[in-house]
Every structure is written in C-alpha cells, then in structure tokens.
Amino acid sequence: MSVRRPSLGGNSVGKSWLLHRCIHGLIDQRIPSTIGISFSVKRVNLEDDTQVKLVIWDTAGAARFDSLSSAQCEGAHAIIVVYDITEETSFERAKKWVKEVQEMAIPNIFLALVGNKADLEANRKIKSEDAQSYAESIGIDLCMELSAKSGGNMEELLLAIGYNLKLAHMSVNDLKETIDKNSKTLDLGRRKLVRVPDSVAELREVQILNLSENDLTQLPRCLNNLKNATMLILSQNKLKRLPDAIIELTNLICLNVSDNQISCLPKAIISLQKLQVLDLRNNKLQRLDADISCLKRLKKLSVNGNPLELEAVRSLMDLKEKYQGRICLDIAGVSLSRNADAERDPGGAKTKIIRGLLRQVIQDLQQMHLFASKVNSNTHLTEELTQIALDKGFRISDSQGSGNCMFHALLEQLESVKGIKMQHGHLRQSLVQYLRENPKLTDGTDLFHFVHGHETWADYLTYMEQDGSWGDHLILCAAANSFKTCIHVVSSLQNEVVVKPHRPVNESKPLVLGHIHEVHYVSLQPIQELVEVIHEDDQFTVCFKKMANEEIVGSEFGVQSSGSSGCSKDSQK
C-alpha cells in the first residue's frame, strides 16, 4: 500500500530533521533548510506482517512558500503539522496550517499535530496538555510530541499513521477476509487506531469486535449496524464517554470498556437487556446514574479502580446483597473520591466501607458451605467440576485425598506456574508462620474474627501446623501474600472466587485451584498444548493456541468473588 503524507509547519520547527530521522535514522547536523519541496519514501513494517509505503513530502516553512504547501495537500492521505514546543509563534502558525487543511475538506484525511524538540524540556513554552486540548477541540486525529534529534516517539508516529491509513483504505471485501470464520471475530486490537472507518459497520456478520489497546476517543455512530455483535472489547483506549452507538447494540452479552477515561454511565445502558458481563474497571466514574439492577441478565459487574463516591459504593453493596448468588460484583479495588460527604464524615462511613471491602473476599470464602443446601444430594460434584474445568480449558490434576489436599494442590500450582518446589509440610509451616507474623488485615481487623471452632488465635495456629489439618480460607490468603500471586478457586457449585495479595500483582500468572464442594481441593492445569493462562488484574484469560489447522480462539473468565462463594475451614479436606 502506498500513501502520500505531506508535513507542514513554520520555518525551523524541525520538519526536515524529522524527515531525515524518519528515513535515515541518524541526524546530519548539516541538514539545510528546505527550498520549495523535497520528498522521500519510507516503508513501515506493521506488526501484522504487512507493509505500508509512505511517500513523505517535506514543505518549506518560510512564509513565501505557504501557497505551495497548500497546493501539495490536495490528494494527500495524511498531513503532519509540526510545531516547536520551545517556540510559541510556531504553535500559532501550526494552528493556521490546521485551519487551512480543514477548510480544504479533503475526504478521509488523517491529520496529525506533532510537537518537535521534546528533548528540550527545560526550554518548553507549549504545554503538552494545551496542545492536546486544542487538538481534541477541533477534531485532530493524532496529537503527540517527539524528538527528531533523539528519535523519541518517531517509531510510534510512523506506526500510528501506517495502521490508520491501512485500515482506512481497506475495502469492505478486504475487511471481510480478516474476520475469523469460526468465531465471527474481527480483531482490530493493538493497532494504534485513532478512529474506526465507517466500512467496519458494513460487516454485519461480526459477532465479536475487538478494538482494545488503541487510542480511540469516539466511535462512528454507524457501528450500531452491527446488530449481531455479542461481545465488544474497548479496553485501554481514551474514551471519555460511552459512545452512543453501543447503546443500540442490543444483542451485546459482554461489554468491556475498562481502562478508559469514562466519567459517566448513561441511563440508556439499561437498553442492553442481554448484557451479562459489564467491565468498567479503571475509569473515572464517581457515580452510577444508570439503574444497574434493570440489567436482569447481568452476571458480572467490575467497577474497581474508579473514584466512586460513598453513595455509589453503598448502592453497589446493596446490589450485591440483593442479587447474592446471581451477580458477581468486583468492587474490591475501588478508591473513594473526596466529596463533601466524605469530608463531613472522616473515619465514619468511609472507614466502614473500606473495612467492608477488605473483608469481602475472606467472608465470601467462609460462606461457601451455605450453598450446600442448594445442591442435589445425587449430584456428582467431581463430574460437575470436571465439566466446568473443561469448559474453561482446564483439566483436573488430582492430589492425595487427605487433609493435606489444599497444600498438595498449591504445591503443584507453585511448581508449574512459578517453578517453586518444596514439601507440603514445609509449605504448611511457612504459611502458618506468615499468619503468625501477620495476624491482621491492612485495615487493622484481626484475622481471628474469621476463625471458628478455636478459642484463641494461638490455638488455631497450633491446629493448622499439624499434618492433616484441613487448609482453609486464611491459608489461601497467606499463600497469595507469601508468593505474591492471585489464587483463583473454581467450585463444583459453579461459583468462583479470587484471593488477591495486599499489594498489586505485576505480570504474574495466577494459581488455579478446583474445589469439589465439601470434599476436596485439586489443582487445575491448562490442557497441554491447547491453552495458556494469563493473569490480568482480576481476570484470567484462557488463550487457545493454534493447533494444526485450527484457528486461535480466546475467552475471559472473571473470577472475583461470586455471590457468597468461598471456602470455609469446615469444608476442607
């Protein structure tokens, strides 16, 4: 694919240096000022094994060449307007160029505003946030800073232009060829996209649309034509509001808009009556204006990482209580915003809610035995767990059927996931020692509050040190913190719970255990050569690897505590 890309800007802002860096990699200190126009060719290799050829026109910045530069914009596919971050007049002149380009109304033009000389931070005159605000206000596609001298962000600029121009110039038929025929998935993730072309809306057969890890600030309204879409993944973009087009995708089952900048959840979201999974993590939500309880089929709601107001947290806690056992609510990582109510009630409601959030996982673990009354006595729970694990891409790896089964399962996971080997007795003693040295939650709550059947904390620890004593919820918490990992427990009752360490986990795969209710703990291993388990915050993703001529398929399973799921000491063997 070949595209034309002029670069515009005032005199001495560094356009020619930028071009030289782009083409040759190194800077020649003797680069002369451009007289009229010069052009070069740059081939950009994209990560999807395709190549885009950029024909780059460098226009002169002197005022007497202004009309010549304007003429060269006609027929261009992309235009880069360059300014000098150390010179205020260059930014004003860049605005003039942007206005002229927009007045030309060139169809589908990709417009980038680039601040050069980012290496001269001490001499900065133009704040990056001011340039970004200006770019957003007038609809510029891409605004970024770089250094032609050091090469910083040069590759990012070329890739962004390459990916966006490639997608913009693909025909509908070309796009259809990229759709996975089995899962009906269109994967446009990780492409540095700043906009989605209208042609995507014509792919009505798409059921799963992945637009994650891009730089999108909006979606075209015509995407509401994707009526067959059941999953939409928009995580890690720059959305500030939920796009209107989404509200009309009434067949959506899963909507992931995590890691954006969304500050308001529209009331109209309740029109998505088939929605089962709603991921709102790591946005800027302070309240939830929509009545989430109206989403009758919702099974998982994730809101951690948002600065929720106290009232919003209270309503979510009420929602969890109301739909206990049906909805999986992830609020364990919310941060409370400092609003007027919080200021008037220091250490009161805020402290209680924080304590409630810290206790939630342990309480959920304790209460798993409450589900026993809901299980038919004739149910073969081992078979149930086997099928549940298989559905998620795992197989049961059984350990000895003794009171040490939790420790054996943990040991197998530690060895396969982290390469840690030890005897089960050593593991038991180390975890009990951790509890002895850390008898409180981070909020000061005594862990003994969650112990039953023992008169003192010392009695409990002495019992737990004995070989054959059944591991419990506190042992799982100790393991998560000792080995700095998340532990996912999949129950034969079709409930799931995640035990998180106190500190955030970075790039660590989770330990995955199976719990046969009232009977046994087992290790769950990915089906060999078929799946890879990846930990991402509060989820584990099972990626099915390509086998022979089969295509790659992926699915996510949220595993924050579901209803009152968990494990009690009395239910372990």
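User: First up, which residue in S20 is the bridge partner of Leu513?

Analyst: Ser523 is the partner of Leu513. Keep in mind that this is a predicted model.

User: OK. How do S19 and S20 run, parallel or antiparallel, and how many bridges join them?

Analyst: Antiparallel, with 4 bridges between S19 (residues 511-516) and S20 (residues 520-526).

User: What's the strand order in the sheet they belong to?

Analyst: The order is S16-S20-S19-S17-S18, an open sheet of 5 strands with mixed pairing. S16 (394-397) and S18 (496-499) are the edge strands, each pairing on one side only. On average, neighbouring strands are turned by 30 degrees against each other, direction ignored.

User: Which strands does H12 touch?

Analyst: H12 (residues 405-418) packs on the sheet and touches S16, S17 (487-491), S19 and S20. The direction of H12 makes about 15 degrees with that of S20.

User: And H15, which strands does that one touch?

Analyst: S17, S18, S19 and S20. H15 also packs on the sheet, and its direction makes about 145 degrees with that of S17.

User: Switching topic: which residues of H14 are buried?

Analyst: In H14 (residues 457-465), the buried ones are Trp457, Tyr460, Leu461 and Met464.

User: Why do they line one face of the helix?

Analyst: Looking down the axis of H14, the buried residues fall within an arc of 95 degrees, so they line one face. In general, an α-helix has 3.6 residues a turn, so residues three or four places apart point the same way.

User: What do those buried residues pack against?

Analyst: Helix H13 (424-437) and helix H15 (473-482).

Key
Residues are numbered from 1 along each chain as its sequence is written. This is a predicted model: local features need pLDDT of at least 70, side-chain atom pairs count only at pLDDT 80 or more; totals for chains, interfaces and linings use all residues. Side-chain values use heavy atoms; hydrogens and water are left out. Buried means under 20% relative accessible area, exposed over 50%, partly exposed in between (1.4 Å probe, protein chains only). Helices (H or I, at least four residues) and strands (E, at least two) are DSSP runs, numbered from the N terminus. The arc is that of the directions from the helix axis to the C-beta atoms. Contact means heavy atoms within 4.5 Å. Two strands pair if DSSP finds at least two bridges between them. Axes are lines fitted to C-alpha atoms, for helices over the stretch in contact, and angles run from 0 to 180 degrees between N-to-C directions.
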